[in-house]
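Subject: Structure handover

Hi,

Here is the structure for you to look over. Please open it alongside the notes below.

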Amino acid sequence: MDIRTRFLITFLGSLLVTICSMVAIFWLLLFAINGQVSSPVKLYKSVTQQKQITYDEQEALVTFRNMAKTNPDDLMNPDIQEDIENYEKKDLNIVIRKQDEILYHSPELVVKSLIAHVPMFDTENIYTQGTIDNKGSLYRYLKFDFHFSDNDKGSVMILKQENSFSEFLQRWGLIIISLILTIAIFLVFMFNRSLNNAILVPLRELNGKVQQLKEGKLEGKIAISTSKKGEVNDLAQEFEKLREALNIVSKENKKYEENRKELLSNISHDLKTPITSIVGYVEGLKDGVADTPTKKAKYLNIIYNKAKSVNFLIDDLFVFSKLDLHKLPFHFEIVDFERFLVHFVEEYKLDLEQKNINLNFIDVNLNHTLVRIDLQQIRRVLDNIIQNSVRYMNKEKKQINIVAQQDIDEVIITVQDNGVGMAAENLEMIFDRFYRVETSRNSDNGGSGLGLAIARQIILEHGGMIKADSELNEGTSIIFTLPLEENGYNEENLISRR
């Protein structure tokens, strides 16, 4: 059974239950009104026959009519109030009128409405009953007109409120049910047509596009045609979001695969080059090419340096892979950043002086600035940046400055050098893994191509950012930020005092 048939059976069943319920309610109302379940014949008779006047209405009319005939002025006597109240207890309403003035009316009635709708005087008493409106309610009345002793016209009226709802049902119930049935059948037809256009047809269209998605065709947009939009449109939009997400993941997977291949190629190149050199020099030693102690010492020194470069590359690869997978553990401490930088520069300065490089620390408004950092990893960042600067020094007077300044909610650290610099198009790529400005990928200067990539990952893990600024033959500046600790300066909060 297809979905269309199921929908049709469901709505037809619902319609049948609704119709049966309405019919049952209608017959129950008739039973409540008439005291019995009316057959169609009885119902027809009750509709066509005029409703009879009750005994209480006739009795009240006779009482007040006799009084009006014998002594009409007694109707103005307060002594008749007891008779009036007795009839009012029987759900009757009494009105006594003299000329255009209402001498008495039952509390249920509204005087202004009575004056507006009261029937004309008919002292011949030809038209003695009818229906009047009183503030939106219908009342059946019996009336007797007469003259008072002063010859003024007078009326006494007996009113009983009509049960308009039951009267309406008795007269129009069958027609209403027939009308409801007709409308319901028409609505079922229209709803089925609307259901087909708004749901079934778009679902078939959506199913075809989802099949394409299942086959891996992720480029085509999933959307139903404009003329068929309805309840399925939201579902189509959700599928479109899924398609976009899958498309992004697919592209990222392709990018990761390309990066993986490039990574393997770079690792192979960077490992093969020093290992090939090591093998060559070892063979030279074995074959006796290095036939003097001086040559042997030179060969061994080259082998040692190449082995160290391989070891550095492996260490960097290990750290970078851990960072890339977010598996490298960080041990954060709250430190006085000014003290940290002062001690770092003091320790590093001696090593650089042996290479004729001057290292300076410039403090710009750092006053017991607290940051939450991993000391070892931030040392690694500064070390990688400085080593990168050292490799590209070409001036006679070599200079590296570390400038630190406090902003509103962060510390800005700039590592400046006066090296060879680089072109603007290279600035965005120097933080990519294995990227070197020189295209030959020559690693004789000891660089693995991972130093700045590692630095970027570490800074991002600290919630900061990193960028580069450079000019050819002028030097390069690496700028990174670290967020300030929110609690401010407090000597007792310092975990590390270096």
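First, the ground rules. This is a predicted model: local features need pLDDT of at least 70, side-chain atom pairs count only at pLDDT 80 or more, and totals for chains, interfaces and linings use all residues. Residues are numbered from 1 along each chain as its sequence is written, and side-chain values use heavy atoms, with hydrogens and water left out.

Aromatic pairs

The structure holds eight aromatic pairs. Rings of Phe, Tyr and Trp (its six-membered ring) pair if their centres lie within 6.5 Å; planes under 30 degrees apart are stacked, over 60 edge-to-face, and the rest tilted. One of the pairs is F330 with F332, which is stacked, at 5.7 Å centre to centre and 15° between the planes. F332 is partly exposed, at 29% relative accessibility. (Buried means under 20% relative accessible area, exposed over 50%, partly exposed in between, with a 1.4 Å probe and protein chains only.)

Another pair is F344 with Y348, which is tilted: 5.3 Å centre to centre, 35° between the planes. These two residues are four apart in helix α9 (residues 337-353), so about one helical turn separates them. Helices (H or I, at least four residues) and strands (E, at least two) are DSSP runs, numbered from the N terminus. F344 is buried at 3% relative accessible area. Y348 is buried too, at 9%. Both belong to one aromatic cluster, along with F337 and F340.

Charges over rings

The test here is NZ of Lys or CZ of Arg within 6 Å of the ring centre and within 35 degrees of the ring normal. R97 lies over the face of F121, 3.7 Å from the ring centre. K98 has its charged end over the ring of F148, 5.3 Å from the centre.

A loop residue

Where is K90 found? K90 sits in the loop between α4 (81-88) and β1 (93-98). K90 is partly exposed, at 36% relative accessibility. K90 and E57 are 33 residues apart in sequence, yet their C-alpha atoms are 9.2 Å apart in space. Beyond its neighbours within four places in sequence, K90 is in contact (heavy atoms within 4.5 Å) with D56, E59 and K160.

Helix α6

F186 lies in helix α6 (residues 164-214).

Best wishes
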